[in-house]
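Here are some notes for a colleague who is looking at this structure for the first time. Please read them with the model open beside the text.

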Amino acid sequence: MPTPSLLRNLGKLCLGLLLSLAVSADEPTTAQSGRVPLPSPPTAKATVSDTQKCVEPTENIRRFHGQYLRHQRNDTMHRGIRTTKYSLVECINCHVTPSSEGKYPSVKTPDHFCRSCHSYAAVTVDCFDCHASQPEIAITKVE
Ligand code: HEC
Ligand code: HEC
Ligand code: HEC
């Protein structure tokens, strides 16, 4: 019998592969034609520069953001190094955009950027137990 953790990792791998195929398809109808609804993350509010959309080329951030974020976390927490390249606050500021009613989704709802794929890929992260899932602008705004 394969162990549950092996199965889980295999599952993650398959979904990760599927996902990288799905989200890299330029044609949105490709993603919608399957039986399982594939994630389509909300569009970011800005690009990092004129030549690059995200803090890393999109292919790389899509694939490796978990590792980038973990490294950043380790650097900041354990060695006192503070770089902003993979700042979680900045990810959220740029990627979590308001709905048509002007409301910023929190990680509690499925339309949140970070959940758009994670729910599908069965990834769970504990990050938002402590970190804000809404951009600073939404938190500091007086309602
Ligand atoms: C200044 C804006 C900005 C910042 C900051 C930023 N991104 Fe991005 N990111 C983008 C843009 C633009 C894209 C291309 C897709 C789009 O237009 O939404 C992108 C793409 C992505 C994708 C792939 C999404 C997809 O559709 O497949 C992931 C995952 C991602 N970013 C995660 C992160 C993480 C994690 C951070 C923080 C370490 C971060 N981003 C910081 C703008 C940003
Ligand atoms: C138990 C609470 C807690 C959890 C859970 C947690 N963090 Fe943090 N994190 C902190 C604290 C405290 C700091 C340092 C203070 C700060 O910089 O906001 C920090 C700092 C960071 C930083 C550097 C600051 C920044 O925004 O760039 C990153 C990146 C980060 N965490 C990512 C993550 C990610 C990714 C996860 C989930 C995998 C996570 N954290 C889970 C408490 C937590
Ligand atoms: C384009 C789809 C997509 C988006 C958008 C996305 N993720 Fe992920 N994320 C994944 C997939 C798939 C995995 C599992 C494969 C891996 O570990 O890279 C993952 C893994 C992770 C991990 C590592 C989890 C672990 O158990 O090691 C962290 C941390 C993470 N994501 C944080 C985030 C944060 C924070 C955001 C929002 C800023 C985000 N992700 C947005 C698809 C996405």
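**Notes on the core and the ligand shells**

1. Leaving aside neighbours within four places in sequence, Cys114 has contacts with Val107 and Ser133. Please keep in mind, here and below, that the model is predicted.

2. Cys114 and Val107 also belong to the largest nonpolar core, a set of six residues whose other members are Cys91, Ile92, Val96 and Phe113. The elements that contribute two or more residues to this core are α4 and α5. As background, nonpolar side chains tend to be buried together in soluble globular proteins.

3. Around ligand 3 there are 22 residues, and those that come nearest are Gly66, Cys91, Cys114, Cys117 and Ala121. Two or more residues of this shell come from each of α1 (4–24), α3 (58–79), α4 (88–95) and α5 (113–121), and α5 gives the most, with six residues. By class, the shell around ligand 3 consists of 14 nonpolar, six polar and two charged residues.

4. Ligand 1 is surrounded by 20 residues, of which Ala44, Lys53, Cys54, Cys91 and Cys94 are the closest. Here the elements that give two or more residues are α3 and α4, with α3 giving the most, namely five residues. The shell around ligand 1 divides into twelve nonpolar, five polar and three charged residues.

How values were computed
Residues numbered from 1 in each chain as written. Chains lettered and ligands numbered in written order. Predicted model: local features only at pLDDT ≥ 70, side-chain atom pairs only at ≥ 80, totals over all residues. Near = placed C-beta within 6 Å. Helix = DSSP H or I, 4+ residues; strand = E, 2+ residues; numbered from the N terminus. Nonpolar A, V, L, I, M, F, W, Y, C, P; charged D, E, K, R; others polar. Core = buried A, V, L, I, M, F, W, Y, C linked by C-beta atoms within 7 Å. Buried ≥ 20, exposed ≤ 12 C-beta atoms within 10 Å, placed from the backbone. Contact = placed C-beta atoms within 7 Å.
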